Amino acid sequence: MTTKFKSGLLALILAAPLSVSAQDSGRPQFSVDMSYPYDYSSITPYADEHAAIYKHIDDNLTAHLGNLQRWLRQPSISAQDVGIDDMARMLVDDFRAMGFKEAELVPTDGHPGVWGYYDAGADKTLMVYMMYDVQPVNPDDWESPPFAAELVDHLTGKVLMARGATNQKGPERAFLNALESIIAVEGNLPINLMITAEGEEELGSPHYPQIVDKYEDRLRTADGVIFPFNMQSPAGDLNLFLGVKGIAYWELEARGGSWGGPVTSEIHGSYKAALDSPVWRLVQALSLLTSPDGNTSRVPGFYDGIRGPTEEEQSLIAASLMNNDRTSALKEAFAIERWVDDAGPEQLAMELTYTPTLNIDGIYAGYTGEGVKTILPHVATAKMDSRLPVGIDPDEHMDKIRAYLDANGYSDIVMRRLSSYPAAQTSIQAPLVQAALGVSKKYAGTPAVNPRIAGSAPFYQFTQRLGLPMMPWGMGFGTGAHSPNEIMLIEPAEDTGAAGLADIEKAYVDFVYALSDD
């Protein structure tokens, strides 16, 4: 029997079952064998202490907080190209100030990337993935100005409130603070570092591969990749994940043409008596793609190719499900009343981890303002995405949707492919992961480790293209990503179990040394 371990909200989301079969509805159906849960007692807490470095962090915490505030006070909104170049140059300047042998901007067809290399003359090399861009803001929605980066009181303690506080500038700069303390005390790092930072993560990372292109041969020599992250709940529980789903993102557009409807502009609504509607055409095409409830795709081959859990994934899944039934907590967190099919914890976990989605992100056409305007629109657009488990190629996925529309008489509907990349997965046996688990156990007890989350990130660049293990990792609590009042915990309240800035940085110090000793 596995040792009981702490867990939080993500544990249920990340879990997944073993076998795959077809439901009557057409969606995949999963079940789980609970007979061999992962044995967390095998994880040994990291035991070494680096007292002089810890003291340097404590003595310089005000300056370290200032580094976070400096980054957060520099806007870097990729969607609006606000402050992007200045933020990229700030990264270059910080790398050079820390003694990086190489620090430079990397031109792409979009926003610039940033490359940094610290040559410690060490046997091990860690690659660090960073993003320096953030989401747009509406300042009127914020309790504190989004780029003021002020300390404010929160139920968890003193928090830093700013756009990018937890997603992702805060933990990234905390990681660099930890490195600065190591260098200040020891004169050098115990590992070499390669950093690739992009300014388009919030746009779907369309040009990040161009950054990898320039350094690919060198990057392949790294021992693993980390993405600095705040991963604790307020109580201090640590939920780790070793993979992500892929994504396909596209637009469908219906426009008047030879098939019917107005062509160049909207016209008076009375002419609907004699004209087709692009809006109705788009709605009918969308309805063709799924069952009437919108939950099961009708596209031929939509669910083909899904890889079910490996034996290793199954052991992690079983351990998660043994210790968690969080359906009620998730409902409360998301303010929802029921899941599809009234799913219980097992089915819910399966769907979120192993089932591809077909989602309408937004749909718009014609007049949507106040009052009355009677028109027949000439164009209608839907933005759509699919989250794709391991085994489904995003380009082939979109090809199937395109072919199904064409086969049913909707070849006139335009499909614009905007972003796509496949899923990614790392093994728990990777030395990088084992180092992180040991440090995790030191600071937060036994973590919950799950194969994959329901969300997406371009981690395939590391796991698939470079062949490297990769994981997001770090102590600390943050919330509000993509939302108003985004925060990162700096000084925990007495009843808050999550790490504050000092312990976040100390854990990063331990991780670097744990990886170097492996």
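These legends accompany close-up views of a predicted model.

**View 1. A four-stranded open sheet.**
The strand order is S6-S7-S22-S21, and the pairing is antiparallel. Strand S6 (150-154) and strand S21 (478-479) form the edges, each pairing on one side only. Strands of a sheet pair through backbone hydrogen bonds, either parallel or antiparallel. Here S6 and S7 run antiparallel and are joined by five bridges. A hairpin of two residues connects S6 to S7. Within this pairing, valine 152 faces valine 159 of S7 as its opposite residue. On to the next strand: S7 (residues 157-161) and S22 (residues 487-492) are also antiparallel, again with five bridges. Lysine 158 stands opposite glutamate 491 in S22.

Asparagine 167 and glutamine 168 are joined by a cis peptide bond. Its omega is about 10°. Glutamine 168 belongs to the loop that runs between S7 and helix H5 (169-186).

**View 2. Strand S15 and its partners.**
Strand S15 spans residues 379-388 and is mostly covered. Eight of its ten residues are buried. Strand S11 (residues 243-255) pairs with S15 in the antiparallel sense, over ten bridges. In that pairing, leucine 252 stands opposite alanine 382 of S15. S13 pairs with S15 too, antiparallel, over six bridges. Asparagine 359 has aspartate 385 in S15 as its bridge partner. In a regular strand the side chains alternate between the two faces of the sheet.

**View 3. A nonpolar surface patch.**
Trp280, Val283, Ile360 and Ile363 make up a nonpolar patch on the surface. Together they have about 390 Å² of accessible area. Helix H7 (278-288) and strand S13 (359-365) each contribute at least two residues to the patch. Isoleucine 360 sits in strand S13.

**View 4. A stacked aromatic pair.**
The whole structure holds 17 aromatic pairs. One of them is tryptophan 115 with tyrosine 215, a stacked pair. The centres lie 3.9 Å apart, with 5° between the planes. Tryptophan 115 is in strand S4 (residues 113-118) and tyrosine 215 is in helix H6 (residues 208-219), so the pair ties together parts 100 residues apart in sequence. Tryptophan 115 and tyrosine 215 are both buried.

**View 6**
A pair of aromatic rings is described by the distance of the centres and the angle of the planes. For tyrosine 129 and tyrosine 208, these values are 5.3 Å and 85°, an edge-to-face arrangement. The pair links distant parts of the chain, 79 residues apart: tyrosine 129 is in strand S5 (residues 125-131), tyrosine 208 in helix H6. Tyrosine 129 has a relative accessible area of 1%, so tyrosine 129 is buried. Tyrosine 208 is also at 1% relative accessibility and counts as buried. Ring pairs extend the view into a cluster of Tyr129, Tyr208, Phe227, Phe229, Phe241, Phe459 and Phe462.

**View 5. Arginines over aromatic rings.**
Arginine 281 lies over the face of tryptophan 259. The distance to the ring centre is 4.8 Å. A second example is arginine 452, placed over the face of tyrosine 354. Here the distance to the ring centre is 4.7 Å.

Alanine 335 is not a glycine, yet has a positive phi of about 55°. Alanine 335 lies in the loop between helix H9 (327-334) and helix H10 (345-354). Its relative accessible area is 70%, so alanine 335 is exposed. Aspartate 341 also has a positive phi, of about 60°, although not a glycine. Aspartate 341 is found in the loop between H9 and H10 as well. At 41% relative accessibility, aspartate 341 counts as partly exposed.

Conventions
Residues are numbered from 1 along each chain as its sequence is written. This is a predicted model: local features need pLDDT of at least 70, side-chain atom pairs count only at pLDDT 80 or more; totals for chains, interfaces and linings use all residues. Side-chain values use heavy atoms; hydrogens and water are left out. Patches are made of residues with over 30% relative accessible area and no salt bridge: like charges are joined within 9 Å, nonpolar side chains (Val, Leu, Ile, Met, Phe, Trp, Tyr) within 5 Å. Accessible areas come from the Shrake-Rupley method with a 1.4 Å probe; for residues, only the protein chains shown count as cover. A salt bridge is a side-chain nitrogen of Lys or Arg within 4 Å of a carboxyl oxygen of Asp or Glu. Two strands pair if DSSP finds at least two bridges between them. Rings of Phe, Tyr and Trp (its six-membered ring) pair if their centres lie within 6.5 Å; planes under 30 degrees apart count as stacked, over 60 as edge-to-face and the rest as tilted. Buried means under 20% relative accessible area, exposed over 50%, partly exposed in between (1.4 Å probe, protein chains only). A charge sits over a ring if NZ of Lys or CZ of Arg is within 6 Å of the ring centre and within 35 degrees of the ring normal.
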